[in-house]
Amino acid sequence: MTVCPAALGLTDPTDWPGYLGPNRDATSDEKGLLRSWPAEGPKVLWTLDLGPGYGGAAVSRGKVYLLDRIEGKKDVLRCVDLNSGKELWSFAYDARGTLSHKGSRSTPAIDGDYIYTCGSFGDVHCFDGRTRKSVWNKNVWKGHGGDKVPEWGICQNPLVHGDLLILAAQTPKAGIVAYDKTSGRVRWASPALPGMVGYVTPVVANIDGQDQIVMITATSRKERSGRSAPAGGWGEGDDSGGVDGVVLGLDIKDGKTLWTYKGWQCRIPIPQVTAIGDGRLFITGGYMAGSAMIKVRKDDSQYVVEELYTTRDFGTHTLPPVLYKGHLYGHCTTNSSRDGLSCLSLDGLLKWKTGESPAFDKGGYVLADDLLLSVDGRDGILYLIEPSPEGFKPLAKADLLDTEECWGPLALSDGKLLIRDQKRMKCVAVR
């Protein structure tokens, strides 16, 4: 997948303008990262107290933007100086309610002077960083016929593409919604998506020269154990009365469906699709869903989907894997497996896994300068790793976070790594 930096409002090569970085794939072009750390770990430049949550940071022009939450009452956009950690300004709005697993869910998106956020209850705001005010706001859930908010809330990470702001509504009236990023006007809304509501953020992939939106929905089918069926089909205990989820591509111009794939099913999908190149898309999830690789190509006027393989040996729970030199690396400890950090070749062969040593339970990671910076989401330990298909090669580690569920995505800007737990965010010097 190729993303134009100008389309993201990127003004500095070290910016981290939204969810999973400049290309939304957890990779960075930064160089000169430290290859080792002192015994006490890399230097912590500053610490910022936060409410509980999982929302990640976006960085632009030396400013950090984070959507925080005052539990039960409000969402709060915080703007913090990257170098000092000083809060420069904030904007709070009413967002009453509670959810299973408290706190924020999403990472802001930055486009030039504008910051886009989506709160846990579907409140979408466009902020002007110069005036520090909301320019427009909508509700992607209630505004499209949504009733009771899903159990874990609205987990959309705003996606800016050209003049559009794209989010998945996943309501009975609208699947994907494209807003005019300047005015908030709905440019188009797709019909309701097949399948059940999940927690996946749409991604833009270029297939045969055409940008299209790729989205995943959930299945209601379960195995006898109560978990979703593994990739590759339904075994004994199939709930034949359930609903299939889908992976589908939509035309970015009008939201029309271009193709669908049903060979992979997940009860609670969270990671977005990973674009591998040459029309290949890697799909993964927790809850025993495993992973699948498909190839999408255009045959005359129609798109054709070819399933290349499915595997039960690799499945990330909350974040998509990172791609490096023909291999995928991801955290594969889930609610039903303890596989830890795992490495998978692009042809579907598992190379290694750490298991519970370390567990790498749902933490975030960033690939930069031929290094993998990775947080064990259970123990709060930051690891420096040399990614290699030959085995797990840790170079250093530091115990920097002290609470469980350190699941937020990481951000890297100007040699500074932003990590968080359920109480605070830390800025760590890794260069």
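Two strands count as paired if DSSP finds at least two bridges between them. I started from that rule, and I kept in mind that this is a predicted model.

**Entry: the sheet**

I looked up which strands join up by this rule. Four strands form an open sheet, in the order S15-S16-S17-S18, and the pairing is antiparallel. I noted the edges: strand S15 (203-207) and strand S18 (257-261) each pair on one side only. From one strand to the next, the twist averages 30°.

I then took one pairing in detail. Strand S17, residues 247-251, pairs with S18 in the antiparallel sense over four bridges. Which residue of S18 is the bridge partner of Leu248? I found Thr260 there.

**Entry: salt bridges**

Side chains of opposite charge can pair when their charged atoms come close. I counted with a cut-off of 4 Å between a side-chain nitrogen of Lys or Arg and a carboxyl oxygen of Asp or Glu. The count comes to 25 salt bridges.

I looked at Arg431 and Glu30, whose side chains meet in a salt bridge at 3.4 Å, N to O. Arg431 lies in the segment after strand S33 (424-429) and Glu30 in the loop between strand S1 (27-28) and strand S2 (44-49), so this pair ties together parts that are 401 residues apart in sequence. Are the two partners buried or exposed? I noted 42% relative accessibility for Arg431, so Arg431 counts as partly exposed. Glu30 has 6% relative accessibility and therefore counts as buried.

Next I checked Arg78, which forms a salt bridge with Asp68; the closest N and O atoms are 2.9 Å apart. This pair links distant parts of the chain, with Arg78 in strand S5 (residues 72-81) and Asp68 in strand S4 (residues 63-70), 10 residues apart. I found both Arg78 and Asp68 buried.

Arg424 is in strand S33 and Asp402 is in the loop between strand S30 (394-399) and strand S31 (411-413); the pair links distant parts of the chain, 22 residues apart. Asp402 has a relative accessible area of 54%, so I list Asp402 as exposed.

Technical notes
Residues numbered from 1 in each chain as written. Predicted model: local features only at pLDDT ≥ 70, side-chain atom pairs only at ≥ 80, totals over all residues. Heavy atoms only, no water. Helix = DSSP H or I, 4+ residues; strand = E, 2+ residues; numbered from the N terminus. Axes fitted to C-alpha atoms, helices over the stretch in contact; angles between N-to-C directions. Buried < 20%, exposed > 50% of the residue type's maximum accessible area, 1.4 Å probe, protein only.
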